[in-house]
Amino acid sequence: MNDDGPARWTRRHLDLMTTGPDTTAPPARTPAPPRVLPGDDVWDLWPIQEEDGSTSVVLGRELWMALSAPAAGHPEERHDHARIRLLARDGDDWHDLGPAFADGASPGSREWSGSAVRRPDGTVSVFYTAAGRRGEARPTFVQTVVETRPAVVVAEGGRVLLDRAAGHREVLRSDGPIYLPADEIDGGPGRIRAFRDPGWFRDPADGREYLLVAASVAAPASGEAEDGGYMGAVALAEARDGGWSLLPPLLVADGVSHELERPHVVVRDSSYYLFFSTQRHSFHPPGSAPTGLYGFVAPRLTGPYAPLNGSGLVAANPPEEPDQAYAWLVLPDLRVVSFVNYRSTGGGADPWRAGAAEARAAFGGTIAPVFRLALDGARTRVVAPRL
């Protein structure tokens, strides 16, 4: 590990932030992209990877996963009903393959984001967040990392499924000393500690498997953090002896951001690019930086990491549409996928704070147009959208 400890994202970095075409995501398409699932919201998508990082293809179609929930009520309530959906991508078209897991298979009351890799034996290691506890009377916000290894099954008629008989086992939870427990009973999006969004990664330098996890740490005793409640982190875990061992964090947001969501690494030109997403209301103070894709770069997985573009900003939503997309994922070929979040309702009000009907009218709940990144050392550039 880095002898100097984890990289620290500080206010000094954000003070260097500049926005412009190179760090602004393309404007939202008008009209909005069609819904992948007409009756369901879809968000937070990821491909089933091969072990070399490429996207798995079965019967000529890419296999993907995404979170889904019925498109009813206030969009922020979707997290209380989230299930992982299996999707197939055929060119520009998406096809629903149904829930990834059987009802009640997860040890949580709902399933939050993760990642997946197909093994040489045909099974798929799906790492995801079990939120709450199975059978609880109302949703709580306990978060643990779970793995299941179903086989890919091609059913009658050529339908691709995952074997429903596979078991689900908890493989990681926040340890307490390094990472704060993610065990809150009450809360909501943006107001809870994190131990979620496991991102699988095989380091080409040593061939070992790792998980990156969105986590929370305590403020340092020295009081360096501007606010102890804004200490999001990227946790690292290593596969050892058939299990997973937590390691010190790769990155800590020192009083800057409450959550560093969906962390993942892309290796390019022998450099390790660590990407994550965070929202404008998760910064300290709220609104002091835009909702966007952020990142750091290092010569090896364990660092030392430096912020991309000086500040860490890689792609912000356009100022006129500050919430148009979220949960960006950078693929190995530098395509960037996300979901359509909220369109502006005018008047400067946050659309997710509106009543159910108004928020529902502003919410996208489907897959956003893809764009690309260009990387040059510690500099990045948004490239025009290409599907």
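**Exercise 1. Determine how many cavities of 30 Å³ or more a search of the whole structure finds, and which residues line the largest cavity.**

Solution. The model is predicted: local features need pLDDT of at least 70, side-chain atom pairs count only at pLDDT 80 or more, and totals for chains, interfaces and linings use all residues. Residues are numbered from 1 along each chain as its sequence is written, and side-chain values use heavy atoms, with hydrogens and water left out.

Step 1. On a 1 Å grid over the protein atoms alone, a cavity is a set of points where a 1.4 Å probe fits but cannot get out; a pocket is an open set with protein on both sides within 12 Å along at least five of seven lines; lining residues have an atom within 4 Å of a point. Grid points are joined across faces, edges and corners, and a volume is the space filled by probe spheres set on the points.

Step 2. The largest cavity holds about 40 Å³ of space. Its lining consists of Ala100, Phe101, Ala102, Thr148, Pro150, Leu162, Asp163, Arg164, Ala166 and His168.

**Exercise 2. Describe the second largest pocket and state which strands supply at least two residues of its lining.**

Solution. Step 1. The space in the second largest pocket is about 490 Å³. Of its 26 lining residues, Gln49, Trp200, Phe201, Val265 and Pro332 are the closest to its centre.

Step 1. Strands here are DSSP runs (E, at least two residues), numbered from the N terminus. At least two lining residues come from each of β2 (40-49), β7 (110-118), β14, β18 (261-268) and β23 (325-330).

**Exercise 3. Locate β14 in its sheet and decide whether aspartate 197 is buried or exposed.**

Solution. Step 1. Two strands pair if DSSP finds at least two bridges between them. An open sheet of 5 strands has the order β1-β17-β16-β15-β14, with mixed pairing. Its edge strands, β1 (7-9) and β14 (195-202), each pair on one side only.

Step 1. β14 and β15 (residues 209-216) run antiparallel and are joined by 6 bridges. Arginine 196 has alanine 214 as its bridge partner, and arginine 202 stands opposite glutamate 209. The two strands form a hairpin with 6 residues between them, and glycine 207 in the turn has a positive phi of about 75 degrees.

Step 2. Buried means under 20% relative accessible area, exposed over 50%, and partly exposed in between (1.4 Å probe, protein chains only). Of the 8 residues of β14, 7 are buried, so the strand is largely enclosed by the rest of the structure. Aspartate 197 is found in β14 and is buried, with a relative accessible area of 6%.

Step 3. Most residues other than glycine have a negative phi, and most peptide bonds are trans. Aspartate 197 has a positive phi of about 60 degrees although it is not a glycine.

**Exercise 4. Examine the loop between β19 and β20: where is glycine 287, and what does glycine 287 touch?**

Solution. Step 1. Glycine 287 is found in the loop between β19 (271-278) and β20 (292-298). Glycine 287 is exposed, with a relative accessible area of 54%.

Step 1. Contact means heavy atoms within 4.5 Å. Not counting residues up to four places away in sequence, glycine 287 touches Arg280 and His281.

Step 2. Proline 285 is found in the loop between β19 and β20. The peptide bond from histidine 284 to proline 285 is cis, with omega near -10 degrees.

Note on methods:
Helices (H or I, at least four residues) and strands (E, at least two) are DSSP runs, numbered from the N terminus.
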